[in-house]
Amino acid sequence: MDRRVSSPDATGVLAEIRDKLALLTRLEAEHGFGVVIEDLAPLEPLPDLPGVAEAYSLLGRVEGDNFRFKPPEEITSPAAWSAYTVDPDDPMGSPLPIGHEIWSIPKGLRSEIPGGAAIFLDIEDLEVYWMEPGAYMFQYEHPDDDVEYTVLAPDLATFFNERVLGPGYPDLVATVLGPGVRDRRLRKGRHAGEYADNWHRLLITAGLSS
């Protein structure tokens, strides 16, 4: 397996994530944007997935208007990971869903439905990528054909730091949900003219995105 030898801790990425979450948690308490930021008990590192359990030990659950990120059950313990099996018929190598878009789910049903289309972690090279659900199904039916997918980050910690908690968030929304969703603004109320996405508004308030 092609594993990355560099540790996110060595480059300070995990420290940046920790600081950003502390700032965002404080600002959410002050302003009440309506996002969810939950801690998680530290997860035991998984040698096969360096940096993955470490990143999720900081970020237990994050949810705004457009996305929900929480650790997949398969990485919550060494036993759970040992029990995970790769589907030999999966042309993408049985990637792990590390988060889902929830924009397509009515707000009243979001507590009952895990999410819509998934964002994936490749368990071989540890890249985080987005692939249209239709393209995934096409790959199943035509495993020898090339399909389009977008690499979002070289590893999970970088994805969280830059795409969820940083300036790459608007591009994440545009890539997964389209520029129309990214650019939506509120038309009424005291926040009229601001972005409709509460997570985007929180990042802007924190100075982490624009």
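At 3% relative accessibility, Leu126 counts as buried, a word used here for residues under 20% relative accessible area, with exposed meaning over 50% and partly exposed in between (1.4 Å probe, protein chains only). Leu126 has a positive phi of about 70 degrees although it is not a glycine, and its place is in the loop between β5 (118-121) and β6 (128-130). Helices (H or I, at least four residues) and strands (E, at least two) are DSSP runs, numbered from the N terminus.

Ser94, in the loop between α4 (78-83) and β4 (96-101), is likewise not a glycine and has a positive phi, near 55 degrees. Because its relative accessibility is 5%, Ser94 also counts as buried.

## Basis of the model

The model is predicted, so that local features need pLDDT of at least 70 and side-chain atom pairs count only at pLDDT 80 or more, while totals for chains, interfaces and linings use all residues. Residues are numbered from 1 along each chain as its sequence is written, and side-chain values use heavy atoms, with hydrogens and water left out.

## Overall form

The protein chain contains 9 helices and 7 strands, and its C-alpha trace spans about 55 × 40 × 30 Å along the principal axes. Its radius of gyration of 17 Å agrees with the value near 17 Å that a compact globule of 210 residues would have; this radius is taken over C-alpha atoms, and the globule rule is 2.2 Å times the number of residues to the power 0.38.

Of the 210 residues, 47% are buried. Among contacts (heavy atoms within 4.5 Å) between residues at least 6 apart in sequence, 59% join residues at least 24 apart.

## Nonpolar cores

A nonpolar core is a set of buried Ala, Val, Leu, Ile, Met, Phe, Trp, Tyr and Cys residues joined through side-chain atoms within 4.5 Å. The largest has 50 residues, of which Phe69, Ile119, Phe159, Phe160 and Trp199 touch the most other members. Helix α2 (residues 13-31) gives the most to this core, with 6 residues. Apart from it lies another core, of 8 residues, among them Tyr129, Met131, Tyr136 and Val147.

When its neighbours within four places in sequence are left aside, Trp199 is in contact with residues including Leu24, Val35, Val36, Ile37, Val62, Val164, Leu165 and Tyr169. Glu63 and Gly64 are also among the contacts of Trp199.
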